[in-house]
Amino acid sequence: MAAKKPKVIVTRKLPDPVETRMRELFDTELNVDDRPMSPEDLVDAMGRCDVLVPTITDRLDSRILSRAGERLKLIANFGAGVDNIDVATANQRGLIVTNTPGVLTEDTADLTMSLIMAATRRVVEGANVVQSGDFHGWSPTWMLGRRLWGKRLGIIGMGRIGQALARRGKAFGLSIHYHNRKPVSPRVAEELEATYWESLDQMLARMDIVSINCPHTPATYHLLSARRLKLLQPHAVVVNTARGEVIDEGALANMLARGEIAGAGLDVYEHEPAINPKLLKLPNVVLLPHMGSATVEGRIDMGEKVIVNIKTFMDGHRPPDRVIPSML
């Protein structure tokens, strides 16, 4: 007699190959309509399943997790970041939390480099001029951006994505600088020709481009505060493909509007999906809809990681991508 399949509830629509494989392996309940679950929907789901597969749009805070049923054993997050989950509370309740690290690295680094190029060379601004019918011919001093080659790139967070961005930046002739909780290994530093700054303040004051590539944790909330943003040079560009909460979005919008910072490229927002109205009106800002990991290959790879974590756990082993509070 075959073993009973674990009950798995998926909170959002996932790529078809992922959903098909999950249906084959588990007793899987899908969200065919892709309608975001309300808090009550999440509580109901947690009471009926062995495994919940949430995404970053599902807020599993202590209030929600305290109402989880006895049946729930694993929260297999579809995403690398877990700031949508109160991991400490989950851990206290004996719930295992996993994520999908590593598979988004190259895709996110690609998009970060795209935002750097778009913001410094005014790509979107120029495209909008053409599409609106306002292009009336070339002029020597019109639509001038900044050259990338020879500029300093300051990376905040030198993990997988930060290092992947550094490799791309180096190929474009950027000088690589970074701030991290600790320096990278000498081998990586030598490969990337990267300069470590223990003081974030000192690094910010010297960079032409600043890219945020660190996770959102209590320690990184408003890491780029109004005070720190004022340290940037007037020609500096800020790019964020990590989490919106890392920047004081209101302060950033005000400084961009006043010309105190040259430009910004943002894929994430502090109160997502809401965006500061000032940002929407500024020509020197490139705004994207949180698409850093939005490739077919990346999302399938994420799903495969979720499946491996579930299967490993259900087979009685430690999931390869378990997240514990001390990691955050």
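In what kind of crossing, left-handed or right-handed, does α1 pass α13? In this predicted model, the crossing of α1 past α13 is right-handed. Helix α1 covers residues 16-25 and helix α13 residues 296-314; their axes come within 9 Å and cross at roughly 15°. Angles under 35 degrees count as roughly parallel, and the two helices, α1 and α13, are therefore roughly parallel to each other. On the α1 side, the contact is made by Pro17, Val18, Arg21, Met22 and Leu25. On the α13 side, Arg299, Ile300, Gly303, Val306, Ile307, Ile310 and Lys311 take part. Sorted by class, the contact of α1 with α13 has eight nonpolar, one polar and three charged residues.

The aromatic rings are the next topic. The structure holds two aromatic pairs. One of them joins phenylalanine 135 and tryptophan 142, with 6.1 Å from centre to centre and 15° between the planes, and is stacked. Phenylalanine 135 is found in the loop between α6 (123-131) and β6 (152-156). With 45% relative accessibility, phenylalanine 135 counts as partly exposed; tryptophan 142 is partly exposed too, at 37%. Leaving aside neighbours within four places in sequence, phenylalanine 135 is in contact with Val129, Val130 and Trp142.

The pair of tyrosine 178 and tyrosine 196 has ring centres 5.2 Å apart and planes at 45°, so this pair is tilted. Tyrosine 178 belongs to strand β7 (residues 175-179) and tyrosine 196 to strand β8 (residues 195-196), so the pair ties together parts that are 18 residues apart in sequence. Tyrosine 178 is buried, with a relative accessible area of 1%, whereas tyrosine 196 is partly exposed, at 27%.

Definitions and conventions
Residues numbered from 1 in each chain as written. Predicted model: local features only at pLDDT ≥ 70, side-chain atom pairs only at ≥ 80, totals over all residues. Heavy atoms only, no water. Helix = DSSP H or I, 4+ residues; strand = E, 2+ residues; numbered from the N terminus. Buried < 20%, exposed > 50% of the residue type's maximum accessible area, 1.4 Å probe, protein only. Contact = heavy atoms within 4.5 Å. Axes fitted to C-alpha atoms, helices over the stretch in contact; angles between N-to-C directions. Parallel < 35°, antiparallel > 145°, perpendicular 65-115°, else oblique. Left-handed = near helix turned anticlockwise from the far one by under 90°. Nonpolar A, V, L, I, M, F, W, Y, C, P; charged D, E, K, R; others polar. Phe/Tyr/Trp six-rings, centres within 6.5 Å; stacked < 30°, edge-to-face > 60°.
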